[in-house]
Amino acid sequence: MTITGDSLITTLLSTSVFRIGALAAIGALTLTGCFASGSASGDAENRARVAMLQPPRSALSQFSDDAFKLSRWSTAETLISLDDLGDAQPLLATAWNRVDDRTWSFDLRPDVTFHNGAPLDAAAVVTALTAATTAAPKPRILDGVELTVTVTDENTVEVSTEDVDPLVPQRLSSPQLAILAPEAYSAGGSNPVGTGTGPFVLTAVDGTSSATLDRNENYWGETARLAGIDVDFVPDGTARAAALRNGTADVVEAIPVSQAANIDRALVHEVPMPRTNTLYLNTASGVFADPTMRAAARESVDKDRLVEQVYEGRADAANGLLGPALPWAADRPARTETPAGDATGKTITLATFTDRAELPEVAVLLQQELEAKGFVVNQVVREYQFIETDALSGAFDAFILSRATVLDSGDPVAYLYSDFACDGSFNISQFCDPQVDAALSDASATEPGDERRAAILEAEKLILEQDAAVPMLHERVIQGESGAITGVARDPRERTLITNQTTFE
């Protein structure tokens with residue numbers, strides 16, 4: 001079982017200039033390779049200009065969250081991809097089968113070459129995946145997983161795990177387990193410059209300011225329609241929005257809600273995220289150890305009001321922990337709710353953090369709603385780094401958190417276990433119930449597909465019937481695209497963005 005906490009990002013501030021030189025102070029990337037400026041193709045009119053939220057934080061190491069940038073640029077590819085339901089699909093592996101409970105065999109796609117000309121073969125895959133298993137820190141998709149990769153023949157590898165794990169193919173879809181050329185690992189770590197297999201070649205990286213990619217003319221699939229991608233890292237949301245408005249960017253990541261209204265509606269696209277704004281209630285001590293008080297808190301929450309007043313309608317009121325980014329979650333079973341008790345005069349401490357700008361606003365409205373129910377509410381708001389330890393230790397009666405509900409495998413079991421199992425590593429609710437543990441264990445052991453999804457929804461039902469947490473709303477990311485560009489991916493998992501189908505009309 002993989003148990004991980006959510007990675008919560010503190011937004012960096014910068015000037016509103018589209019190319020932000022001040023970011024160089026964060027540190028230069030120590031990448032080797034060809035550091036050219038501009039396009040090798042010279043076809044500037046057929047290049048997509050992309051403004052991205054976060055600059056690289058780990059020198060574009062595929063073993064870090066930077067791996068998602070490599071995936072969104074279509075330069076690094078994995079053995080497996082995921083469809084909309086989270087089921088495994090072929091990518092660099094064309095087929096796979098389960099040899100026994102702990103061993104899987106993967107057939108590699110023939111006639112694939114890395115950007116440096118080296119062939120994709122079993123030895124290259126073993127080098128890449130072994131590097132991931134020995135990386136420090138280890139990619140989070142491998143937390144708690146002991147994985148060994150061996151060569152079967154030139155075009156086949158075997159992947160073995162210490163424990164039975166039906167999610168091995170889904171794990172191999174994580175961008176952190178992308179397959180780069182052996183050369184990428186020669187100096188320790190991983191160097192993605194010129195070592196991927198995707199439709200775009202990473203040719204240059206300028207510190208934490210920009211990156212350049214050119215079309216891979218020898219791609220194993222359909223050749224990219226764009227000549228290349230020019231990326232700028234622009235942490236300031238106002239600057240990203242301005243880049244879309246003034247035409248200096250074709251694609252913009254994560255436009256803030258506050259800026260969206262200032263942009264032509266035709267250029268703004270909302271993508272449901274597997275992220276839920278949740279009120280966690282302390283079930284072990286204090287007022288909310290009483291199930292009827294937790295029910296009263298649940299009844300206090302006006303989800304529609306939060307969506308409209310804080311998120312300006314750009315979110316979805318929650319019916320469960322799992323939202324519209326997982327379309328199968330809409331088939332959840334009916335649940336029986338605990339009747340609410342009288343909350344008059346009950347004093348509680350409501351806490352949240354400042355790093356996500358909307359959460360303090362949510363806390364203000366939620367305090368009003370809880371007080372209208374009769375609670376006496378004290379509020380605590382700090383930066384996340386100064387409040388996480390107290391939250392996890394049960395210091396607060398209630399805690400507001402924006403939480404990712406699927407991690408790198410595309411499967412929500414790890415999140416549910418982490419947050420609601422008796423020994424969950426991120427159990428803010430201090431929740432422990434043997435029936436829920438059994439349901440989570442059943443879901444974890446079930447093979448991917450409809451039966452596993454049904455088991456997940458059964459576990460969610462049991463958690464929500466005890467009001468260990470109150471799901472309030474599901475967030476959306478606002479993506480900007482110029483009117484001239486088409487074929488840009490709108491991916492709830494934020495794994496794809498520019499693809500070989502992206503082009504200009």
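Let's start in the loop that runs between β5 (103-108) and α2 (122-134), which is where Leu 120 sits. Keep in mind that this is a predicted model. Leu 120 has a relative accessibility of 5%, so it counts as buried; the cut-off for that is under 20%.

Who does it touch? Setting aside neighbours within four places in sequence, Leu 120 is in contact with Leu 92, Arg 109, Val 112, Thr 113, Phe 114, Val 125 and Ile 179. Tyr 415, on the other hand, is 295 residues away from Leu 120 in sequence and 34 Å away in space, C-alpha to C-alpha.

## Two nonpolar cores

The largest nonpolar core holds 66 residues, and Leu 279, Phe 288, Phe 375, Phe 399, Ile 400 and Phe 420 have the most contacts inside it. Helix α12 (residues 450-465) supplies the largest share of this core, with seven residues.

Beyond four places in sequence, the contacts of Phe 288 include Phe 375, Ile 348, Met 293 and Ala 297, along with Asn 282, Arg 294 and Asp 397.

## The disulfide

The count here is one disulfide. Cys 422 and Cys 432 make it, with their sulfur atoms 2.0 Å apart. Both cysteines lie in the loop between α10 (413-420) and α11 (434-445), 10 residues apart.

Cys 422 counts as partly exposed because its relative accessibility is 32%.

Note on methods: Residues numbered from 1 in each chain as written. Predicted model: local features only at pLDDT ≥ 70, side-chain atom pairs only at ≥ 80, totals over all residues. Heavy atoms only, no water. Helix = DSSP H or I, 4+ residues; strand = E, 2+ residues; numbered from the N terminus. Buried < 20%, exposed > 50% of the residue type's maximum accessible area, 1.4 Å probe, protein only. Contact = heavy atoms within 4.5 Å. Disulfide = S-S within 2.5 Å. Core = buried A, V, L, I, M, F, W, Y, C linked by side-chain atoms within 4.5 Å.
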